[in-house]
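Q: I'd like to learn how to read helices and sheets in a model. Can we go through one together?

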Amino acid sequence: SKGVQYLNEIKDSVVTAFQWATKEGVICEENVRGVRFNIHDVTLHADAIHRGGGQIMPTARRVFCAAMLTAKPALLEPVFYVEIHCPKSAMGTIYSILNRRRGHIFSEQQRVGTPIHFVKAYLLVIESFGFTADLRSHTSGQAHVECVFDHWQILPGDPLEVGSQCHATVINIRKWKGLSEGIPLLDRYFDS
């Protein structure tokens, strides 16, 4: 986009449109992460009245949303870092509960000179609801849990492929938020 006249005049409007489009993503109206848009060409009206924020921001947002739909979008799900302290006798129960909830144990250590074991694992936030109560009830209160947000993980599948588990998740999120059930079609972002 070198040499395009008036580009500096619309820069703030395009940045605002980018922030708007990434704050309310096209798939679920959630924050968008790890996205980049390359602007290759711009055609601007010579008259300054047609280059105002009211004209540029909605147009640029539509362009960003259309670009997200034509790219390969993915959903990210939050993951907790989980630390569990328990006696050795409760280890089998902890492994069983974490496996049932799609948890991933990556470290197990015994505190030297004590019967206490430390288990470190990753657990999807969606699977963590009722986890602490479940763990305590199955270990008779012997396990103590700490959960802290750690990272985002890509949800397997294509959110645009009807019938995939990822698409079903998108539909459920859209229903929960009171949005229209289907993902907006690309036609919605064309100029008429």
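Q: Is the crossing of helix 3 and helix 4 right-handed or left-handed?
A: Keep in mind that this is a predicted model. Here helix 3 and helix 4 cross in a right-handed way.

Q: At roughly what angle do the axes of helix 3 and helix 4 cross?
A: Helix 3 covers residues 91–100, and its axis comes within 10 Å of the axis of helix 4, with a crossing at roughly 150°. Angles over 145 degrees count as roughly antiparallel, so helix 3 is roughly antiparallel to helix 4.

Q: Which residues make that contact?
A: Helix 3 brings Thr93, Ile94, Ile97, Leu98 and Arg100, while helix 4 brings Phe131, Asp134, Leu135 and His138. Sorted by class, that's five nonpolar, two polar and two charged residues.

Q: Now the sheet. What holds strands together in general?
A: Strands of a sheet pair through backbone hydrogen bonds, and the pairing can be parallel or antiparallel. In this model, four strands form an open sheet in the order 2-3-1-4, and the pairing is antiparallel.

Q: Why is one side of strand 2 and of strand 4 left without a neighbour in the sheet?
A: Strand 2 (104–110) and strand 4 (144–154) are at the edges, so each has a single partner strand. On average, neighbouring strands are turned by 15° against each other, ignoring direction.

Q: How many bridges join strand 1 to strand 4?
A: Ten bridges link strand 1 (residues 76–87) with strand 4, and the two run antiparallel. Look for Phe80, which sits opposite Phe149 of strand 4.

Q: And which strands does helix 4 touch?
A: Helix 4 (residues 131–138) packs on the sheet and touches strand 1, strand 3 (116–124) and strand 4. The directions of helix 4 and strand 4 make an angle of about 140°.

How values were computed
Residues numbered from 1 in each chain as written. Predicted model: local features only at pLDDT ≥ 70, side-chain atom pairs only at ≥ 80, totals over all residues. Heavy atoms only, no water. Pairing = 2+ DSSP bridges. Axes fitted to C-alpha atoms, helices over the stretch in contact; angles between N-to-C directions. Contact = heavy atoms within 4.5 Å. Parallel < 35°, antiparallel > 145°, perpendicular 65-115°, else oblique. Left-handed = near helix turned anticlockwise from the far one by under 90°. Nonpolar A, V, L, I, M, F, W, Y, C, P; charged D, E, K, R; others polar.
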